[in-house]
Amino acid sequence: MTKFNIAVLVRDKAGVLNRVTSMFRRRRFNIDSLTVSETETDKYSRITVTFSGEENTKDQLVAQLYKLPDVVKIKEFKPDESVSCELLLIKMKNDAASRDDISAAATAFKAKTVNYTKDAIILKVTGESKKIDEFIKLMRDYNILEICRTGVVSLEVGGETITKE
Amino acid sequence: MKLSGSDILVKTLIEQGVDVVFGYPGGQVINIYDSLYKYQDEIQHVLTAHEQGAAHAADGYARATGRVGVVIATSGPGATNLVTGIATAYLDSVPLVAITGNVRTDQIGTDAFQEIDIAGITLPITKHNYVVDSVEELADTIREAFKIASSGRPGPVLVDIPKDIQVAKFDYVEQPKITKDAKSAASDAEIAKAAEIINEAERPFVYVGGGVLTSEATNEAIALADTIDAPIGCSFMGISAIPTDHPRYLGMQGMHGHFASSQSMHHADVIIALGARFNDRVTGNRAKFAKKSKIIHIDIDKAEIGKMGSMVNGVNGDIKLTLEKLIPLLKKTTKPEWQKQVDEFKVKEAARDDHRTTLGPKMAISTLNKYLSPNTPIATDVGQHQMWAAQYADFKTPRRFISSGGLGTMGYGMGGAIGAYFGTKEHTVLVTGDGSFGMCLNELATAVTNNVPLVILLLNNGVLGMVRQWQTLFFDKHYSNTVLDRKTDFVALTKAFGGDAARVDTVEELDKALEKAFSTNGVFLIDCAINKDEFVLPMLPPGGSMDDIIVKVGD
Ligand SMILES: Cc1ncc(C[n+]2csc(CCOP(=O)(O)OP(=O)(O)O)c2C)c(N)n1
Ligand SMILES: [Mg+2]
C-alpha cells in the first residue's frame with residue numbers, strides 16, 4: 001500500500017464534485033481525504049485527493065477520472081516534489097488537570113490558541129498530515145470535545161503548474 | 001433569427017443529422033412535441049408504447065448504424081422509464097442522446113408535480129449529463145452531447161431541459177455537424193512491444209470485441225489474423241464483426257462460447273484482444289484465466305486496459321489505426337501445428353454438436369438462417385434464446401447483431417428490433433423468449449403502427465429457461481418461480497395488436513411460417529415450441545475455469 005496524492009483540475013460547474021465522488025463510490029475507491037478549492041481562474045476548481053492503495057489502483061482511478069468530461073487535468077504529487085499541508089481545529093475540554101499539558105504540546109507543535117473560554121480551548125494546527133495526526137494522537141490522552149480538519153492541499157515545488165506540462 | 005428553446009432543440013437535432021427520434025410526449029416536453037410537429041418534414045418521431053421501448057429503439061438504431069440514437073421523454077415517470085434503456089446503452093458503449101423535459105427552473109428542488117432529479121439518477125449510467133440552465137447554452141449543449149456520446153468509447157448522454165428553457169427565445173445559428181474527437185493510434189513504443197510479443201508467438205489468438213465494430217476494424221482484424229496465422233474468436237459484443245463463415249472464425253467464446261473458440265483461447269500463448277473487456281462472463285475464474293498466455297489488449301479506453309492489472313500489455317489507441325501500424329511490423333508466418341490443434345478442437349466441437357433434426361434450438365436458428373439476407377438485423381431478448389441466436393445465427397455484415405450484452409436486459413428486444421429497422425430499413429428479425437417477450441410486447445403496437453417488417457421468432461419453452469438451467473445445474477432442480485405456465489395465446493395476442501402470427505411445432509411448420517413471415521410486409525410472430533429442458537451448452541460455470549466446462553448434461 002502506498003499513499004497517493006493527486007490534484008484534479010475540473011471545470012467549475014454545478015455538480016462536478018458530485019460526479020467525482022459518485023465515480024469514487026461506484027468503483028469503490030477508498031479516499032482518505034478530499035478538498036475542493038478555488039484556483040487562479042474562475043473557470044476551474046481544484047480537487048485534491050489522497051488515498052492509499054496499489055499502483056494499479058491509482059492508475060485506474062486516474063484513468064476513470066479522465067473519462068469525466070469535466071476533468072481537465074490530473075497531477076500526481078510525490079512528497080519530495082511538492083508541498084502539502086492541512087489545517088486542524090481541535091476543541092479541548094478546559095480543566096485544571098490537563099490545561100498545562102495541552103498548552104505545552106501546543107507550544108511544541110506551534111499550535112495557536114484561537115479561542116479560550118473556561119470550558120474549552122480551541123487550537124489551530126497547520127502542517128503536513130503526519131504532524132496533525134501526531135498532534136491528535138497526543139491530545140487523545142486528554143478530553144477532546146470536537147475535531148475538524150480540512151484535508152490536504154498541495155502544490156508542486158518550483159515553477160511548474162498543473163496546467164503547464 | 002430568434003427561436004424558442006424547443007425549436008432550437010429540434011433544429012439542432014436536424015443540424016446534427018438526426019432523421020428519426022423515438023419518444024413519448026408529456027406535460028414537460030409538450031413544447032418540444034410542438035416543435036417536432038412543426039418540423040415533421042425534416043425529422044421523424046416514432047411514438048412507442050413505453051419510454052423504455054423508445055430508449056431501446058434509439059439504442060437499436062445506434063447499434064445498427066453507428067450513429068447517435070435519440071430518445072425523448074417527459075419529466076418524472078417518463079424520465080425514470082428511460083433508466084433501464086440508458087443503463088443498457090451504457091454497459092454496451094452505445095452512442096445515445098436522451099432528452100428529458102423537466103419542471104420550470106424556479107420549481108426545481110421543490111418536489112413539483114412530476115419533478116425528478118434525472119441527472120442525479122443517471123449520473124453513474126451516462127458518460128455525461130446536463131441540466132440546461134439557460135436557452136443561450138441549449139444548442140451548444142446538444143452539440144456537445146452528440147460529441148461526447150459518439151467520441152472515443154461511445155455511450156449515453158442525457159440532457160435535461162427545464163420547461164422555461166424550452167419556451168425562452170434565443171438566436172439560433174445553424175452549425176455544421178460536430179466532428180468526433182480525433183482518434184489516434186497507440187504510441188509507437190506500445191505498438192513495438194506488442195509486435196515483439198506477437199512475433200514470438202507460437203499459438204496466437206485474435207479475440208474480437210465490440211470495439212472492432214465501433215472502430216470499423218473488421219478488415220484489419222482479419223488482416224492481423226491472416227498475417228500471423230491465428231484463429232479468431234469474439235466476445236458476445238463482438239458478434240457480427242467477423243462474418244460467421246470466415247474460415248478463421250471460431251465464434252463466440254466465454255460462458256456459453258463455442259468449444260473450439262474457448263479452447264483455442266485457453267491454449268493460446270498470445271491473446272490479442274481488440275476492444276474487448278475481460279468481463280467475468282468471459283474469463284470465468286480470473287485467477288485461472290489464460291494463465292499460460294500473454295495478453296495484448298488494444299483498446300481506446302485506457303481505464304479498460306488497466307482493469308486486468310499487470311498481466312496485460314496495454315496498447316491504448318483506436319483499434320483500426322493501431323492495427324494499421326502494427327501489422328507491418330509483424331512477420332508473415334504460417335503455424336501448421338497450431339492450426340492442426342485448432343482443427344482438432346473444431347472436430348471435437350462438431351462431434352459434441354446438436355445433430356438432432358427435430359425442432360430444437362439449433363434447428364430453429366438454422367432454419368431461420370436460410371431466410372436471412374446479408375444485411376438482416378437480428379435483435380434478441382435475454383435468456384437461452386439469446387445465447388442460441390449468438391451461437392448459431394449467421395452474420396455477414398457488421399452491426400447486425402442487436403442484443404443487450406453487458407446489462408442483459410430482458411425486454412430489450414422489441415425496442416431494439418424496431419430501432420434497428422429504422423436504422424437499416426431491412427426486414428428485421430427478433431429472436432425472443434416467452435419471458436422476455438412478456439416484458440416488451442407492448443411495442444407490438446409500435447411495430448404494427450409503423451409497418452415495421454419484423455419477424456418475431458419466439459422460442460417458447462414455457463419457462464424462464466436461462467434461470468431454470470442454473471436451477472437444474474446448481475440448485476437441485478428447485479424450479480422456484482421459473483415455470484411460467486401462462487395461458488397466453490401469442491398468436492391471438494399478435495393478431496389483436498394488428499399483426500399476423502403462426503404457431504409451429506415442427507421444423508416443416510417453422511420453415512413454412514418463416515417463408516410467410518419474410519414475405520409479409522409487417523409484423524409476423526412465430527410461436528415456436530421448444531422443450532423446457534433444453535440447455536445452452538457448452539457452459540463454463542460461473543467462477544469456473546476451462547477445466548470445469550460443461551459440455552453435456554447428464555441424465
Ligand atoms: C429485466 C430482467 N429481469 C430478470 C433477468 C434475469 N433473467 C435472465 S434470463 C431470464 C429468463 C428469460 O426467460 P425467457 O425470455 O423466456 O428466455 P429463455 O431463457 O427461456 O430462452 C431471466 C429471468 C434479466 N436478465 N433481465
Ligand atoms: Mg422461455
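Between domain 1 of chain A and domain 2 of chain A, 3 residue pairs are in polar contact, both residues at pLDDT 80 or more. A polar contact is a pair of N or O atoms within 3.5 Å; within protein, one must be able to donate a hydrogen and the other to accept it, and residues adjacent in sequence count only if both atoms are side-chain atoms. On the side of domain 1 of chain A that touches domain 2 of chain A, β2 (31-38) and β3 (44-53) of chain A are the elements that give two or more residues. The largest share, 3 residues, comes from β2(A). Helices (H or I, at least four residues) and strands (E, at least two) are DSSP runs, numbered from the N terminus.

The model is predicted: local features need pLDDT of at least 70, side-chain atom pairs count only at pLDDT 80 or more, and totals for chains, interfaces and linings use all residues. Residues are numbered from 1 along each chain as its sequence is written, chains are lettered from A and ligands numbered from 1 in the order in which they are written, and side-chain values use heavy atoms, with hydrogens and water left out.

Chain A is divided into domain 1 (2-76) and domain 2 (83-153), with bounds from an automatic or database domain assignment. The C-alpha centres of these two domains lie 29 Å apart. In the contact (heavy atoms within 4.5 Å), 6 residues of domain 1 of chain A meet 5 residues of domain 2 of chain A. The area buried between the two domains is about 360 Å², and carbon and sulfur atoms give 57% of it. Buried area is the accessible area (1.4 Å probe) that two parts lose on being put together, summed over both. The domain interface has 0 salt bridges. A salt bridge requires a side-chain nitrogen of Lys or Arg within 4 Å of a carboxyl oxygen of Asp or Glu.

Chain A also touches chain B. The contact takes 14 residues from chain A and 15 residues from chain B. About 1,100 Å² is buried between the chains, 50% of it on carbon and sulfur atoms. Leu123(B), His128(B) and Ala303(B) supply 40% of the area that chain B buries against chain A, more than any other three residues. The interface of the two chains holds 2 salt bridges. One of them joins Glu144(B) to Arg11(A), with the closest N and O atoms 3.9 Å apart. On the side of chain B that touches chain A, β6 (128-131), α7 (135-150) and α14 (302-307) of chain B each supply at least two residues. The most, 4 residues, come from α14(B).
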